[in-house]
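Dear colleague,

Please find below the structure I promised to pass on to you. My notes on what was found in it follow directly after.

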2 protein chains.
Amino acid sequence: MTNDPNISDAEWEVMNVLWESSPRTASEVADQLCERMQWHPKTVKTMLARLVKKGAIRFRAEGNRYSYRPAVSREKFVRVESRSFLDRVFGGQATPMLVHFVENGDLSDDDLASLREILERSGK
Amino acid sequence: MTNDPNISDAEWEVMNVLWESSPRTASEVADQLCERMQWHPKTVKTMLARLVKKGAIRFRAEGNRYSYRPAVSREKFVRVESRSFLDRVFGGQATPMLVHFVENGDLSDDDLASLREILERSGK
DNA sequence: TGACACCGACTACAACTGTAATCATATTGG
DNA sequence: CCAATATGATTACAGTTGTAGTCGGTGTCA
């Protein structure tokens, strides 16, 4: 039903917490994010409310408070975001993007090694 | 001097036109974008004005109209955007990101081939 | 039992975005 | 020369985002 909702940078952080482990209450999520980012607990509440409205997460009343969980898979969001990044920044062309990442020192030696391995396997 | 300005998705499209070839007058840019996207010429003007204010492009009066050119290199923007994408979507980890692209059919056979080649070279 | 801490609901508010419209002026085809 | 047109400048306006604050109810520790 839900056509993939658009979520903002800050909202991604919240989703990441919930994808990591859920369900979680608002304050559990807030604890994580007040530490990782320097967010005010109220800010986290706002994010949760907005994500609910967007249909990206769901909640259930658990006693007198709510527990939240993702309503959409991380994979789906990742796919959409990756596509849009590739299109916007590299005109949809994967090779230049790969060159960029490889040449920009974003890849450690380990990264390079595992990447070779993946290519072997997926190769032919 | 200029701390890298933040530009929005739509503004990227404008920058792409100017990085492709510049200087260009407002209407030249508009022509491109009215075609590629379905933008109103006025919308393009607004974008140009905003990008000037942000310091991402510069203009010079050419007779009675302006000609625009980038003020910041594409490479710089690409680096910033790529970093932020990697952090936000893949927690800063390049390998999972590449795995995603490899496994998601975003890479053509040619892309895969050049990726192997890039890895050859960069490896040792 | 009373002050306080917490919860979820609702409100605030400025900056940024997408998407133009209006205005004053300069240029131009007729 | 003058009306139509194109230009840059300014303004509009709603939706999104980041970043909270307020309000009314409830559970809690002293």
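Which residue just after α5(B) takes a positive phi? That residue is B:Gly105, with a phi of about 70 degrees. Please keep in mind throughout that this is a predicted model.

Helix α5 itself spans residues 94-103 of chain B, and among its residues B:Ala94, B:Met97, B:Leu98, B:Phe101 and B:Val102 are buried. These five cover an arc of only 135 degrees around the axis, which places them on the same side of α5(B). In general, an α-helix has 3.6 residues a turn, so residues three or four places apart point the same way.

As for the two chains, chain B is superposed on chain A by a rotation of 180 degrees with 0.2 Å of shift along its axis, at an RMSD of 0.3 Å, and the two copies are thus related as by a two-fold rotation axis. The contact between them takes 30 residues from chain B and 28 residues from chain A. On the side of chain B that touches chain A, the elements giving two or more residues are α1 (9-20), α4 (74-90), α5 and α6 (109-122) of chain B, and the residues of that side divide into 15 nonpolar, 7 polar and 8 charged. Because 93% of the interface residues of chain B are also interface residues in chain A, the copies meet through the same surface.

One residue to look at from the other chain is A:Leu115, which lies in helix α6 (residues 109-123) of chain A and touches B:Thr95, B:Leu98 and B:Leu119. A:Leu115 counts as buried because it has 24 C-beta neighbours inside 10 Å.

Definitions and conventions
Residues numbered from 1 in each chain as written. Chains lettered and ligands numbered in written order. Predicted model: local features only at pLDDT ≥ 70, side-chain atom pairs only at ≥ 80, totals over all residues. Least-squares fit on C-alpha atoms with pLDDT ≥ 70 in both. Contact = placed C-beta atoms within 7 Å. Buried ≥ 20, exposed ≤ 12 C-beta atoms within 10 Å, placed from the backbone. Helix = DSSP H or I, 4+ residues; strand = E, 2+ residues; numbered from the N terminus. Arc of directions from axis to C-beta. Nonpolar A, V, L, I, M, F, W, Y, C, P; charged D, E, K, R; others polar.
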